[in-house]
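User: I would like a close look at a single part of this model. Please set it in the context of the rest.

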Amino acid sequence: VTGVEVRAADQQWFMEQMALMLPLAQRLAYGMLQNAHECEDALQDAAFKAWRALPRLREGSDVRAWFLTIVANECRQRRRSRWWSTLKMDSPPAAVSNRHGQGLGDEDAIELRRALNRIPSDMKMALVLRYYLDFSFEDMGRVLGVSAAAAKSRTHRALSRLRVEIPEALADA
Amino acid sequence: MREDEFRERLRRAIGEPPPLVAPVPWQARDERPSGPAHLAAAIAVGLAALLVIGLLGTRLLLHRPAPSAAAQPGPGLSCSLPVVVMERTRRTAGFITIPGGTFFADPQAAVGDLPSSTGVGAAGPTFYSPQLGRWLPTGPIAVSPDGRQYLYTVLLPARSSYSDFTSAELHVYDVPQRADRKLFTYAGSIDVIQWTAGAIIVDTVPPRGGLRLLWSIAATTGAVTQADASADPNVLRPSPGQAQLSFGYGVIGHDSAGGPIFVIGGGRPGAPFSVVLYRSGVQTVVYSGTSGDATGFDPIAALGDDHGVWFYNRDATSLWLWQPGQGLQRFAVSGLPLTAGQPVGSLSLQPAGPCSALSIPRSWPAGLPSPRPSPSAPPTPAPPPADWSTLTARPLALRHLAAGAPCPVSGRVDLQPRVQDGKWPVYGFGNGPLYLSGQLSWYAGGQAAVFLVDPSSTGPMLVRSARLDGTGDLVMTGPGASGSTVDMPVTALPPYWGTWEGRLAAAAPGCYGLQVDGAGFTEQIVLQVLVGPAPPG
């Protein structure tokens, strides 16, 4: 990549877009990787790749979906290349209450996090986009490169898989 | 558990990411990033080479020469300045008349016959070589000093992108000779930094990030040596006494000798900035002022030639020529390709070569300097016209099979097609130079098909089909296809394989043959079409 191939005006525009999208992208990466440092690395690499791919961005494209797709791919790649299995805890999950008003202790949160780490990346991506980022199925489809119906189907499959992983915790899900 | 309860549970399980500060690398910083700003700084660094946050002393900025912009063009200056007008991803290549300032789009700007880098910047004409009288698919820094060769990179494996590539090749392409030469291979990205009379300077970064290395390559011999950081001309190196405050800076271009031109500071209205030219260790402050001030000098790109240094304003309304001792001259730009109601600020100009009299004869709009053939530029040989009559005159030699005879299906061979763009199959059927690919099994009703052509055969090829165990033929659709025939005028551009994407459709299962006729060869490919339709997937 050379300086003249990405014009300065596009760089400025890109940086403005990045400033808008980074919080959401960070949330996606953090949801997928669950580690602040790895999340930062993934975002850095994704931002760099996005910048390099900027000239290929078609006019009228959905920039948010385009960048989040790059982030998603980066997270998938990082999950694939992980060689460790230890769950890294950046901060203890906060206590949460279930519908019965009973506290969801740290063990439950850790179990859910571990279960999320065991399911395939595409399934985890679907759950993160849908339930952690509050995406509609249409928005999910744009990031995942599938139709809204396919995104919905993938989400349901992911939930089913999660029930297999932690049947007790999600027995009523 | 309801959906909202699961949502809440998931959020609590994952937790919230730490606060994030958005990157603002264009703004001046008065302290090193730390804490949550680490990511912003990391991304800024990742944006590499363009937006480097460096330490620079205040003395340079405070040492301001008086603005020397003048609105009158210099005497006797008459040339055409090649530019690319850019609007997001739309590019229009053409010329701006000097001193008139009128833009003319070049209807003959095309680079489809030339190899170019994978992905970035590969899409179109971006540099006009006056020596060759034609556009090239690369930026000014990747063109040889004599304007006849240029560099491009290929990511490997084929059709990979910066997301999944494993290595890269640096090629030099000699346009008049139509000769391609691989200069350098590295297990990572290769980016051209500079090509001067001395050497080609590139940097490399591993695919997953890592140590950036600099390399010096002798263009003539191809000898490669690793260089130290001092070989990178695009880095400001302030003296220790200057390193008091930090400012954003970027290289916006180079002068005719390869000296980098820095913009230091600026980037937002009211911010002070300087434009500084470095050559042989000597710094020359071209301009110091404030972004958005009345002078209107707000450059985003620069390119040096024999006239001086051309600066391209952020809003595409102006061009500026800086000449030592004469300061800046402004040229108002008109005639840009704007649609109704579109503000000129939505466009920008990208430098695309030195200002010169055009060197190729062509029908040209009035007002542009008269074209003159360049005596030293040999014409680029055009591909020979396809002689279809010779090929169509050859008889169709596909033999009908006796009743009950087995279909002599062509064997499958493993291929490693090297293709400029896209992912292509690594197998094919036939003996070459054309291989049928795209499917392992063929079914009635129609399927996508691919022809892969070995780069040893560049000439036209004629592909015809017939059924061997009955009546009928394969209907082919795609580029150059008409019924049971495909005309391929140009099949391969060495060192790359030729490709054809289309569709083969047989009305009924059976044994079918393709006859491929080209210069000096006739090839037959036989395939068995099974009962359709093809299974999904």
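In what order do the strands of the open sheet of 4 strands in chain B run, and in which sense do they pair?

Analyst: The order is β11-β12-β13-β14 of chain B, and the pairing is antiparallel. Strands here are DSSP runs of E, at least two residues long, and helices are runs of H or I of at least four, both numbered from the N terminus. Pairing requires at least two DSSP bridges.

This is a predicted model: local features need pLDDT of at least 70 and side-chain atom pairs 80 or more, while totals for chains, interfaces and linings use all residues. Residues count from 1 along each chain as written, chains are lettered from A and ligands numbered from 1 in written order, and side-chain values use heavy atoms, without hydrogens or water.

β12 (residues 200-205) and β13 (residues 213-217) of chain B pair in the antiparallel sense over 5 bridges. I200(B) has I217(B) of β13(B) as its bridge partner.

Now chain A. It has 7 helices and 2 strands. From the N terminus, the elements read α-α-α-β-β-α-α-α-α. Of its 173 residues, 54% are buried (under 20% relative accessible area, 1.4 Å probe, protein chains only).

The largest nonpolar core holds 60 residues (buried Ala, Val, Leu, Ile, Met, Phe, Trp, Tyr and Cys, joined through side-chain atoms within 4.5 Å). Among those with the most contacts inside this core are L28(A), F67(A), V71(A) and L162(A). Elements giving two or more residues to this core include α2 (36-53) and α3 (63-81) of chain A, and also α1 (3-14) of chain B. α1(A) gives the most, 12 residues. Another core lies apart from this one, with 25 residues, including F429(B), A449(B), M488(B) and L527(B).

One helix pair in chain A deserves a look. The axes of α5(A) and α7(A) come within 8 Å and cross at roughly 110°. The axes are lines fitted to C-alpha atoms over the stretch in contact, with angles from 0 to 180 degrees between N-to-C directions. That makes α5(A) roughly perpendicular to α7(A) (65 to 115 degrees). On the α5(A) side, the contact (heavy atoms within 4.5 Å) involves residues including M123(A), A126(A) and L127(A). From α7(A), R154(A), A158(A) and L162(A) are among the residues in this contact.

Terms used: Buried means under 20% relative accessible area, exposed over 50%, partly exposed in between (1.4 Å probe, protein chains only). Angles under 35 degrees count as roughly parallel, over 145 as roughly antiparallel, 65 to 115 as roughly perpendicular and the rest as oblique.
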